[in-house]
Amino acid sequence: LRAAGCSVRGNKRFGVVSRDAGSHATLSACRIDDNGRLGTGVRAGGHVDLRGCWLHQNGHSGCVVREPGSVLSLRDCHLTQNHRYGAYAREGGCLELDGSMFGGNGMYGVSVNHPDSSATLWGCEFAANRCSDVAAHFGGSLVVHRGKPEEVCEGRTCGVVCPAV
């Protein structure tokens, strides 16, 4: 699936879904909002690339990636006012986030839970997420870089929460 400049909104459960190995969706400059559960969901080896998209006011999360081999990549996106998470990796899913903004989400801007789940963030911005901007729980792996690769944000700077497991 390839789409540009579209609006994906008001679906009962999901806006965009990629599931199963080999499935791939690429969306650019799209609005993905007001979906009942997720703006975008990736699982079972699927892959989604979002470029310059808005994920806003979705029922659970702007986007969720889960299960090994599943990848969700966002560049220059805005994830705002989603009920729980802006972006969420779980059960082995992989998030790649570049230059995106996370604000006003009900819990975390970005959350990574469970072993083998990961997120790498480059030059992202955060504002007013309810619990924390970024969190890694239950064995999730998180790397946050400010604008340049040599400026790594660690520990509690930049609103990062990495509790002991």
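Phe 126 is partly exposed, with a relative accessible area of 21%, whereas Phe 102 is buried at 0%; buried means under 20% relative accessible area, exposed over 50% and partly exposed in between, with a 1.4 Å probe and protein chains only. The model is predicted: local features need pLDDT of at least 70 and side-chain atom pairs count only at pLDDT 80 or more, while totals for chains, interfaces and linings use all residues. Residues are numbered from 1 along each chain as its sequence is written, and side-chain values use heavy atoms, with hydrogens and water left out.

A search of the whole structure finds three aromatic pairs. Rings of Phe, Tyr and Trp (its six-membered ring) pair if their centres lie within 6.5 Å; planes under 30 degrees apart count as stacked, over 60 as edge-to-face and the rest as tilted. Tyr 85 and Tyr 108 form a stacked pair, at 6.1 Å centre to centre and 5° between the planes. Because Tyr 85 belongs to strand β12 (residues 85-90) and Tyr 108 to strand β15 (residues 108-113), this pair ties together parts that are 23 residues apart in sequence. Strands (E, at least two residues) are DSSP runs, numbered from the N terminus. Tyr 85 is buried at 6% relative accessibility, and Tyr 108 is buried at 14%.

The rings of Phe 102 and Phe 126 are stacked as well, because their centres are 5.3 Å apart and their planes are at 15°. Phe 102 lies in strand β14 (residues 101-103) and Phe 126 in strand β17 (residues 125-127), so the pair ties together parts that are 24 residues apart in sequence. Ring pairs also link Tyr 85, Tyr 88 and Tyr 108 into a cluster.

What lines the largest pocket? Among its 14 lining residues, the closest to its centre are Phe 14, Leu 38, Arg 43, Val 64 and Arg 66. On a 1 Å grid over the protein atoms alone, a pocket is an open set of points with protein on both sides within 12 Å along at least five of seven lines, and lining residues have an atom within 4 Å of a point. Strand β6 gives the largest share of the lining, four residues.

The structure holds zero disulfides, a disulfide being a pair of cysteine sulfur atoms within 2.5 Å. For Cys 63, the nearest cysteine sulfur, that of Cys 77, is 8.1 Å away. Cys 63 is buried at 0% relative accessibility, and Cys 30 is buried at 1%.

Methods. On a 1 Å grid over the protein atoms alone, a cavity is a set of points where a 1.4 Å probe fits but cannot get out, and a pocket is an open set with protein on both sides within 12 Å along at least five of seven lines; lining residues have an atom within 4 Å of a point.
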